[in-house]
Amino acid sequence: MKEQTIVVGGGVIGLLSAYGLAEAGCPVTLFEQSETGTEASWAGGGIVSPLYPWRYSPAVTALAHWSQDFYPQLGKTLLEQTDIDPQVHATGLYWLDLEDENEALAWAQRQGRPLYRVSMDAVHSAVPSLGEGFSRAVFMPGVANVRNPRLLQALRAALAKLPNVQIVEHCSVSGFVRDGERIVGVQTAQGEMRAERVVVAAGAWSGKLLGTLGMELPVKPMKGQMILFKCAEDFLPSMVLAKRRYAIPRRDGHILVGSTLEDVGFDKTPTEDALESLRATSVDLLPALAEAEVVKHWAGLRPASPEGIPYIGPVPGHDGLWLNCGHFRNGLVLAPASCQLLADLMLERTPCIDPEPYAPTGRL
């Protein structure tokens with residue numbers, strides 16, 4: 001009999017962790033304080049790449065590359081299982097006027113990833129809606145974006161079909177049940193729930209939860225705001241990124257523009273200032289958006305961690321407690337590899353990548 005596991009958190013990391021364990025035959029109960037897939041994973045843009053991949057450590061790069069290669073297969077599997085298409089949409093990505101362009105190109109060469117300079121004439125002919133005033137560009141073909149709300153719906157639906165999974169929503173977890181040093185369950189709004197193992201995948205709330213054990217997990221919320229436009233389906237054929245802001249096309253003509261980075265605790269109220277700033281960015285990048293209506297404006301809380309390196313693995317001194325959290329801006333990018341790695345470690349399989357850089361041991 002595989003060990004009973006509790007997963008705390010119903011974002012992309014929690015859902016995909018539960019899915020990986022359940023597919024391997026483990027009984028899993030997932031707790032989410034609101035509804036699954038309504039926090040940071042829902043609020044992000046869904047680019048299947050770090051915004052500036054060459055600025056990250058090899059630890060983030062290893063997870064990103066594994067996930068990027070796996071996403072098309074994940075999208076296909078979930079569509080077959082649930083009839084919900086996560087729309088893994090490969091558009092490529094243009095970076096405009098990068099100050100560290102040479103470093104980016106050198107990184108891509110070392111990593112064996114396609115990234116090359118393109119003339120502005122070529123960019124304007126590929127992306128006719130792009131504004132003037134940019135002088136240089138590099139392009140990475142094949143970079144995809146995933147329609148994250150649909151990915152989350154598909155994961156939720158796939159879990160609902162598995163007989164060994166229970167999803168408990170609107171039920172917050174306030175602490176752990178201990179037997180000596182061992183973690184044997186969680187304290188929830190519905191009472192004590194026991195299991196052989198507990199996985200904390202609670203995003204920006206993970207640090208608070210570990211604090212109940214007297215542990216300092218340096219994961220805290222960082223607010224990000226986005227806006228959404230609706231345009232013609234062919235309005236923006238590729239993703240574009242300039243001055244730390246990006247525009248992402250969906251297949252049906254929706255365009256997302258983001259994002260801010262604000263250190264304001266757990267406040268995720270959208271602000272008028274951010275709306276104005278994001279609108280100005282949108283018009284700089286794509287002047288025709290001056291005439292377009294903002295369909296939606298929202299904010300989410302990213303789980304910020306030092307260098308954006310997530311915590312994946314067992315917690316030393318607390319048998320039965322596991323982490324999969326602290327993905328900062330790259331939860332959607334890194335989710336497939338992070339959750340595969342967690343399942344590999346928990347089920348004592350050969351890990352998909354070297355687990356050492358993510359181990360909580362020595363980092364808490």
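1. Basis. In this predicted model, local features need pLDDT of at least 70 and side-chain atom pairs count only at pLDDT 80 or more, while totals for chains, interfaces and linings use all residues. Residues are numbered from 1 along each chain as its sequence is written, and side-chain values use heavy atoms, with hydrogens and water left out.

2. Helix α6. This helix spans residues 148-160 and reaches 18 Å from its first C-alpha to its last, close to the 18 Å expected at 1.5 Å a residue. The expected span is 1.5 Å times one less than the number of residues. Helices (H or I, at least four residues) and strands (E, at least two) are DSSP runs, numbered from the N terminus.

3. Burial of α6. Its buried residues (under 20% relative accessible area, 1.4 Å probe, protein chains only) are Asn 148, Leu 151, Leu 152, Ala 154, Leu 155, Ala 158 and Leu 159. Seen down the axis of α6, they fall within an arc of 160°, so they line one face of the helix; the arc is that of the directions from the helix axis to the C-beta atoms. Elements covering them (contact: heavy atoms within 4.5 Å) include α3 (58-82) and α9 (331-346).

4. Helix α3. A bend of about 40° occurs at Phe 70, with Pro 72 following within four residues. The bend is the angle between axes fitted to the seven residues ending there and the seven starting there. After α3 comes Asp 83, with a positive phi near 65°.

5. Sheet. Three strands form an open antiparallel sheet in the order β9-β10-β11. Strands pair if DSSP finds at least two bridges between them; β10 (residues 182-188) and β11 are joined by four. Gln 187 stands opposite Glu 192 in β11.

Methods:
Buried means under 20% relative accessible area, exposed over 50%, partly exposed in between (1.4 Å probe, protein chains only).
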